Each structure stands twice: as C-alpha cells, then as structure tokens.
2 protein chains.
Amino acid sequence: MTVKTRPPTIADVAHRAAVSIATVSRVLNGTTPVQAEKAERVRRAMEELHFVPHTAARTLASRRTNTIGLILDEIGRDFFSPLLRGIEAAAREARYDLLIKTTGSPHASLASIDALGQHNTDGLIVFIDSLNEKELARLHKIGFPLVLMHQTPPEELDIPIITIENKSGAQKLVEHLIEVHGCRRIVFLQGPEGNEDSEWRERGYREALETHGIEYDPALITSGGFDDEQAFHSIQQMLLDRIEMDAIFAGDDEAAMGAIRALRMAGRLVPADVAVVGFDDVPFARHLSPTLTTVRAPIEGVGGEAVRQLLHLINGEPAEALTLMPVKLILRESCGCESKQASIQDELLSSTRR
Amino acid sequence: MTVKTRPPTIADVAHRAAVSIATVSRVLNGTTPVQAEKAERVRRAMEELHFVPHTAARTLASRRTNTIGLILDEIGRDFFSPLLRGIEAAAREARYDLLIKTTGSPHASLASIDALGQHNTDGLIVFIDSLNEKELARLHKIGFPLVLMHQTPPEELDIPIITIENKSGAQKLVEHLIEVHGCRRIVFLQGPEGNEDSEWRERGYREALETHGIEYDPALITSGGFDDEQAFHSIQQMLLDRIEMDAIFAGDDEAAMGAIRALRMAGRLVPADVAVVGFDDVPFARHLSPTLTTVRAPIEGVGGEAVRQLLHLINGEPAEALTLMPVKLILRESCGCESKQASIQDELLSSTRR
DNA sequence: TATACTCATGAAAGCGCTTTCAGAAAACGT
DNA sequence: ACGTTTTCTGAAAGCGCTTTCATGAGTATA
C-alpha cells in the first residue's frame, strides 16, 4: 500500500490538455459542442490521468445526485431478491446509482431516512410501511419524487404506487380450487396485520366464494403471517379444532410451506385430502414436494416499473398513479393438478429439449 | 404537489439562531464545544426549519463520503439475501451509507466501477470476480480501502479477504457420510469453473477421503455449477453411465436439489439408496423433502465482518488479512440421519401416486 | 493590576465541479 | 466590405458545507 495520492481533478486535466476547466466539464457532460481537436486532447488527458469526476462536487454544483434511494424495512428477505434485481437493473440502465436504506423496524424514526431524502437522492422508492405517513407527506409536499410499492398512499396524496394484481390473482386461484377441484371449504391464511397485499388477496378470496355461491365462513380464516412457522401453528390449531377443510389458500408461499408441514404431520395428504396453494411463486415453490400451485408475481418487474415511474417524476414528467402488474396462475401438484408422474414427464421433456 | 422549495441551508439555520455558520457546523458535528445556550438555539432552529445537511456539500468539504461501496456481479441471487442483510446492518451500525453496484457480468468494464471508487465511497467491498484484477491493483496501489469476499486477492496484494471455512466444512460433511453412514463412493459436484469456494470444498472432500483411506476416483467428480439444472443433468448422466454411488456431496444446496430430483426420477431413494448433502444451508434446505443435510455458512456474518474490516482500513487501522468464518454441520434427513420423517415422506409419495 | 493562557466564536478560504456570462473568432448575409 | 449571427471558449461566480486562523472575551497566574 503506497501513500494515498490526491486524485486528479478537473483542473489537472484542463492544465494537461491546455484548455480551461469549463471546456473539460463540457466534454465530460457533452453540454456544449467543443472543437473536435480540443475534445480529443481533453479525453486523452483524462485517460492518462485516470481522471474520475468527483461525484459530490458534481452533485453540489449541478443540484442533482444521480442517485435513487430505496427504503425498506428489512433487507434480505427472500422476497427482496428479485425486487432488488429489478430495481438495480432499471437504475443501472438509466445510469443512476442505488442507495439502499433499511429502517430496521417498520415505522422507524425518520431521522436516518431524512438524510436519504432531498439532497442525497433525486427520488425515493418506498416499500410497504418503511416510512411513516407524516414524513411521506412532508416529502411529497415539498415536491420530492416519491414512489410507493405495495402500499397505497395515505390520505389524499397522489403518490404513484406500483403493486401486483393481488385481488384478481387470489380470485383466479380460489376459483380454480372451486371449479376444477370441487373444493368448498377453503381456508384462508391472512398475512401480517394490516398488510395490504394480504387484504387484497382476501378480497379476491371472498369474491371467488361469492361468485360461486359459497358462504363465507369466518371459522376458515386465520392468520398465517406470510410466515412458515405461524402458518404451521395456525393450521395445526385448526386441525386440533377439527375444522373441516378441503383446501388452504395460504396467503403466500412461505405460509403454504408451513401449512403443508402441519397437514403432513397430522397425516393429511396433500393434495388428496387437502389442496394447498400459495402466492408469489418464490424460487423454491417448484422444489417443494408436492410442488406448489401458486400465483406468479412479476416481482422483478415491479422493481423495474417502480424505477421507471420514479424517473418520470424526477424528470418532471407525469407518472402513472397506479401500476398494477399482472400475475399468472401456476398450476402444480399441490392443488391436485399435476400428478407426480406428469411433472416428472415434464422434467424429462424439458431436459431432452435442451 | 406544491412548488419545489429550496431546502434550508446551514446559513438559514445560522441566521435564525443568530450565530455564524461555523457554529452551526460545530454543533452539527460536535467538533468543538459550543456554548450550551447557543447550541440549543441552533438545534431548535434546525428542527424548526427541517434542516438536513446536504451530504454532497459535506462530502466535498470534508473529503469523506461516509459511504461504503459494494460491488457484485449480480444482485438478487438467493445467496445474497443474508449477505446483504449482514452488510447493511453493519454499515448502518457504523452510520455509513451503502451504495450498491452490480457489474452485470463478471469481469465487466471498469468504467462504471471506477465511478464507485475513490470519491464516491470511502471503501469498497468486492465480491468474487466482480472487479478485474487490474483495477483492483490500481485502487489498492493508491491506498484505497478494499476488502474481498470469497476471493483470494490476486498476486501479492495484501487486500483483506473474508470467506468461510469451505475446506473444513466440506471435510466434516464428507467424513460424516463416511463414518456415520458408511458411504464409500461419494460423488462431488463441482461449482462453476474457477470458483474458489468450490475449489476449497473439493480439497476438503479429498482430504476426507484420504483420511479414511478411500481412493479418489475422478469418475465421481462432475460439474454441478452450484446450479439446480446443471446438477440435475450431471447426475442424470452419471446414472445413465451406471456409475456406482452411495452418496452425493453436491457442492452447494442448489445443486443438491437438482441431484435429488435426478435421483428421484431414476427411482433411487434418498437417502436409502443414495445420501445427498449440500452446502450453505439456504432457507429452503429444511423445507425440501427429504430435508437437506448441509453445512451452515454464516453468510450474514461474512457480510458484517467484511464491513468491519473495511472500516478498519478506512480508519487507518490494521485489518485482518484473512477472516475465516466458521461453519456448522447441519444434519437432517437427506444423509439418513433423521429418519423419523422418512415414513411420512413415503406416505406422501404414495398419496400423490394414486 | 498586568501577563499569560484558555476557550468559544466568526470570517474566510477552499473542496471539485457546473453554469452563467461575455467576449473572441468564425461564418454568414447583403 | 461591413454589420449581423452563430460558435466556441475562458473567467468567474457559486453549490453548501468543513476547517483553519485570528480575535476578543474570560479566567487563572504572578
């Protein structure tokens, strides 16, 4: 490790290329035409000096950070992998940097978030309840670009929101259980308290029942928390309570796993005795046994779309108030659709096709 | 959305508190004692004005960015979730921001990375081959704080590296197969070409064989690519080739899934006919059936440790040249250890068959 | 009471860049 | 040939903050 050298500045480049710093800045940004020959000299000087513009100085002078902020409650949940990938890809494509901040717990103090807003980023993507309403309202009021994911903006704020078709996805899923598999007593596992995705899925569930003239039975609703363990216990309890069921709509895939475990432990066969379906189509959904029937949410697409809408806002263009990403039914074994045999054949086919 | 207002500056605060901007800066940073009463006035003024220091200005003036850069080839792989969580938590604790950059493909051009180094971050965490050697060497040479993850520094550069005990973990795993389950013909699925984790695991594998006087058979080594599909095909091929085996060390958990699928399709029982073990203990490892015996790598810890070592460097303190995070054997069903659930699994199989 | 310190404070000089602004040079029109 | 545009270029003014540096007030020492 050698001594820390002072990185070259725009002045060094200007000097070496025998032009003014203004000219260097211009070839750097392409803001104003520069004589071809001079431009070439500048470019060569930059290269020779390993010149890299100092972002902070740039930001300070130009008043734009070229950075998108992402706020979420907790990074690293399975769900976030594709989301991040989508956001990252879209940001990169637009040549924006990505600054990620987690609040640790929902509704956290705004102090650390504050620092993200305004000067540090050109706009913010806010996930679920990671930012409290007051702060959200304040930022929005001062015209700061904001986009919400999986969360309706509070009150009358016209902040764009990106989410997936929770309701229609759930509805299709439940209708499939009813129509194709003749299920009538379908358990619904709710997500975490107040979770919007869950609320919409529940509406879809209820509408599906209604459409088919099946009465809504509160006894079939319990909490799954979008969580393996919680779902496990809830279903176990239901079984102990001898509540009749012929299917479980688990709210999400995590919960579906817990539900399946509970059923299995109780000696109930899936899907023969009880069909189980999830939501999200997380990567391992197809590796469970039985493989999980679920709804595929284009999570990666949600991330990309969020960035795109945010960029509109940043550029002063109008953005979609609501972006609903379409979902797709993924039929596998756990609802009784594909027999084990069939799925193996599929695998064979796909493997020979390669 | 109202008109974009100019955010308050330190001058506004100074004016309102009737002090100089220098004083405001001092209470902001606590660099020099300030009269209690004035300090209080300043704090109140900051609050009333919703003052948030402009990071770029701060960075420019103070020459430190308070940001840690993370470079990886592709975000959003399952593996990264815990890694990110660890890094994020450690960075947050140290009150550093996190700037994430992906190269898209390995060995990408350094242009975009360049921009991360030097002025934009105080230090960089580099994952695997995300940054080419030349650039790595250059940054290191100018004294820029750098930490590597799961990758030995090239040549003679003394860049700290954080990784996990791949070798001893693999060794323990294979020894378990040999000693407890009496396996003798153990397949090893290699990771992607040139992957260091894989190389160390292979060494652990070989040492375990050696220790127990089992001859190393090249026919038992094939590529798994740390990938479900690739492992599936490799094992399928082996089975077609009628290569005898009584166990598979799959390289990682993803590959283990593929291996299990291939075995199952061929009618081989896991673990009765062939034991299968993975590496990493990804979240779904315990949800596979059979549940997967594997090695738990403290990936989250790796992330945290990387940040910690980087901070040492940033603060001019010495850092560990090599940090090896300990791993832990996780015994589950797929090696034949926990068998009580095997019967349930059989039931399940028969249920889906009928 | 004079002398030497300590301590809090403000003025001012940058940090490295972008962006007016105005002038010089070249191109055009008549 | 002369005025008018059009182009390019450099000087210089910040962007909002940190950080010397010098100063004046307050306190301790003699």
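Modeller: Start with a sheet in chain A. Keep in mind that the model is predicted. This sheet is open and has four strands, paired in parallel.

Biologist: What order do the strands come in?

Modeller: The order is S7-S6-S8-S9.

Biologist: And which ones are the edge strands?

Modeller: Strand S7 (221-223) and strand S9 (275-277) of chain A. Each pairs on one side only.

Biologist: How many degrees are neighbouring strands turned against each other?

Modeller: On average 20 degrees, with direction ignored.

Biologist: Take S8 and S9 of chain A. How many bridges there?

Modeller: Three bridges, in the parallel sense, link S9(A) with strand S8 (residues 247-249) of chain A.

Biologist: What holds strands of a sheet together in general?

Modeller: Strands pair through backbone hydrogen bonds, either parallel or antiparallel.

Biologist: Which strands does helix H10 of chain A lie across?

Modeller: Helix H10 (residues 228-240) lies across S6 (186-190), S7 and S8 of chain A. H10 runs at about 140 degrees to S7(A).

Biologist: New topic: DNA strand C. How many residues surround it?

Modeller: 29 residues do. The closest are A:Thr9, A:Ile10, A:Ser25, A:Ala61 and B:Gln35.

Biologist: Which elements give two or more residues to that surface?

Modeller: Helix H2 (21-29) and helix H4 (55-62) of chain A, together with helix H2 (21-29) and helix H4 (55-62) of chain B. H2(A) gives the most, with six residues.

Biologist: How do the residues near DNA strand C divide into nonpolar, polar and charged?

Modeller: 15 are nonpolar, 10 polar and four charged.

Note on methods: Residues numbered from 1 in each chain as written. Chains lettered and ligands numbered in written order. Predicted model: local features only at pLDDT ≥ 70, side-chain atom pairs only at ≥ 80, totals over all residues. Near = placed C-beta within 6 Å. Nonpolar A, V, L, I, M, F, W, Y, C, P; charged D, E, K, R; others polar. Pairing = 2+ DSSP bridges. Axes fitted to C-alpha atoms, helices over the stretch in contact; angles between N-to-C directions. Contact = placed C-beta atoms within 7 Å.
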